[in-house]
Amino acid sequence: SIRLYGKNTSRVFPSSAVQLVSYSNWETPAQSTAHFHKTTINISNLAYRLTDNPATMTPVSRSAMSDLFFSLILSLSPLFFTSVLVHSSTLPSDIAALQAFKSSIKPTSIPSYSCLATWNFSSDPCAGAGARAAARVTHLTLDPAGYSGSLSPLVSKLTQLVVLDLSDNNFSGPIPASLSSLYNLQTLVIRSNSFSGSFPPSVSGLKSLQILDISRNSISGILPNTLNGLTSLQRLDLSFNKFTGSLPKLPFGLIELAAKANSLSGSLDKSSFDGLTQIEVVELSDNSLSGTLGGWFFNLPSLQQVDLANNSFTSIEIWKPTKIESDLVAVDLGFNKLDGYVPSDLSAYPRLSSLSLRYNRLRGPIPSQFSEKATLKRLFLDGNFLNGTPPAGFFSSGTSVSGSLGDNCLQSCPASSQLCSKPQKP
């Protein structure tokens, strides 16, 4: 093999692959003259045909140089190119896409200390922080330096991109529909920016996408019915945007769903969750969802955490778990419009440790089953119209339940208990 030293880098090539080295900027360390199989050769103005035997290393005339150089390009492509960069290892089309990407960012928003400031394209930007490449750009992750501007549609030319992360900056404008060309993309994170416009339905064609986080932007409109086309998606975060309408059918492989603080409305339909055997987390708080929450919901086989607080649900159906080892741990249905009695069947979920039904319209006594449940550690039933005497089990010496039973119509709720620290209704 041979090692070639350039101004900013070095490369090692097997002799079987190298037919010609013809580049006037390559330089030679003074000590490298001993053995050919480890040597570094000076090729300032000449070209050499290289073999394993130094005796057969012969000069090549300049008239033959162009043909041999073309042969080298074919042998080593895409290691070299000769447009903007001198010693780049990144494909020219990828460099062009990175240039377009940077050109769409306001220069005044690029701090001198930031990663993006190092992209002057006099050298390969992939040699530094921000983008990683091995001939093709596969990761593009920006530091949270407050970059502003738009996301260039030409980023879609980075067709080997696996990760695109622009989080915690000030990008604005629409999400380019051309992102649908990034067939290898597995992670798309643009949270905490100022993107606006609608969610491009074409993005649903990204069959390799596993993580999609567009939270904390200003994206509006309804969610596309093609969302379930993201067949590899595991984590979806749409929180803190301006989405309206109902939930469409969700990708069947989804594990975590977050869409809090939008303007989603309508009921939570079973059809949206059909086939979701792996869903563990559902976070839909601070929306305008309404109607009855069906009993099928809590029997989703892998469900662990549910947050539906601050909606307009009027009733819930609770079925006893169909799975003996149900994984349901936490349920928050606070600040809705739930009417009726506290659903005692929730206590049948064997691992339930946190339950909030605070500030609804619930009435009647508190079911004793909750005071007998050893796994229950947090219980918030305050702000309802519950009456009667709370179960004595909540106040025994061995209890470890925290929360609140205040702002109800309960009698004999001991003021010495933290659960009763908030007063009852007059």
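Visitor: With which residue does Arg 191 form a salt bridge, and how far apart are the closest N and O atoms?

Guide: The model is a predicted one. In general, side chains of opposite charge can pair when their charged atoms come close. Here the partner of Arg 191 is Asp 213, and the closest N and O atoms are 3.4 Å apart. Arg 191 lies in the loop between strand S10 (187–189) and strand S11 (194–198), while Asp 213 belongs to strand S12 (residues 211–213); the pair is 22 residues apart and links distant parts of the chain.

Visitor: Are Arg 191 and Asp 213 buried or exposed?

Guide: Arg 191 is partly exposed, with a relative accessible area of 29%. Asp 213 counts as buried because its relative accessibility is 1%, and the cut-off for burial is under 20%.

Visitor: Which other residues are linked with Arg 191 and Asp 213 in a network of salt bridges?

Guide: The network also includes Arg 235 and Glu 256. Arg 235 forms a salt bridge with Asp 213, with 3.8 Å between the closest N and O atoms. This pair, too, links distant parts of the chain: Arg 235 is in strand S14 (residues 235–237), 22 residues from Asp 213 in strand S12. At 29% relative accessibility, Arg 235 is partly exposed.

Visitor: How many salt bridges does a search of the whole structure find?

Guide: The search finds 10. One of them joins Lys 425 to Asp 407, the closest N and O atoms being 3.4 Å apart. Lys 425 sits in the segment after strand S29 (409–410), and Asp 407 in the loop between strand S28 (402–404) and S29, 18 residues apart. Lys 425 is partly exposed, at a relative accessible area of 26%.

Visitor: How should I read a nonpolar core, and which residues have the most contacts inside the largest one?

Guide: In soluble globular proteins, nonpolar side chains tend to be buried together. The largest nonpolar core here has 89 residues, and those with the most contacts inside it are Phe 101, Leu 257, Leu 268, Phe 273, Phe 297 and Phe 298. Two or more residues come from each of helix H2 (92–103), strand S6 (136–141), strand S19 (288–293) and strand S21 (312–316). H2 gives the largest share, four residues. Beyond its neighbours within four places in sequence, Leu 268 contacts residues including Phe 273, Trp 296, Phe 297 and Phe 313.

Visitor: Which residues of H2 are buried, and against what do they pack?

Guide: An α-helix has 3.6 residues a turn, so residues three or four places apart point the same way. In H2 the buried residues are Asp 94, Ile 95, Ala 97, Leu 98, Ala 100, Phe 101 and Lys 102. The buried residues of this helix pack against S6 and S9. H2 has 12 residues and spans 16 Å from its first C-alpha to its last, close to the 16 Å expected.

Visitor: Where is Phe 171 found, and what does it touch?

Guide: Phe 171 is in strand S9 (residues 170–173) and is buried, with a relative accessible area of 0%. Not counting residues up to four places away in sequence, Phe 171 touches several residues, among them Phe 101, Ile 105, Leu 142, Tyr 147 and Phe 195.

Visitor: What share of the whole chain counts as buried?

Guide: Of its 426 residues, 48% count as buried. The chain holds three helices and 29 strands.

Notes: Residues numbered from 1 in each chain as written. Predicted model: local features only at pLDDT ≥ 70, side-chain atom pairs only at ≥ 80, totals over all residues. Heavy atoms only, no water. Buried < 20%, exposed > 50% of the residue type's maximum accessible area, 1.4 Å probe, protein only. Contact = heavy atoms within 4.5 Å. Core = buried A, V, L, I, M, F, W, Y, C linked by side-chain atoms within 4.5 Å. Expected span 1.5 Å × (residues − 1). Salt bridge = Lys/Arg side-chain N within 4 Å of Asp/Glu carboxyl O.
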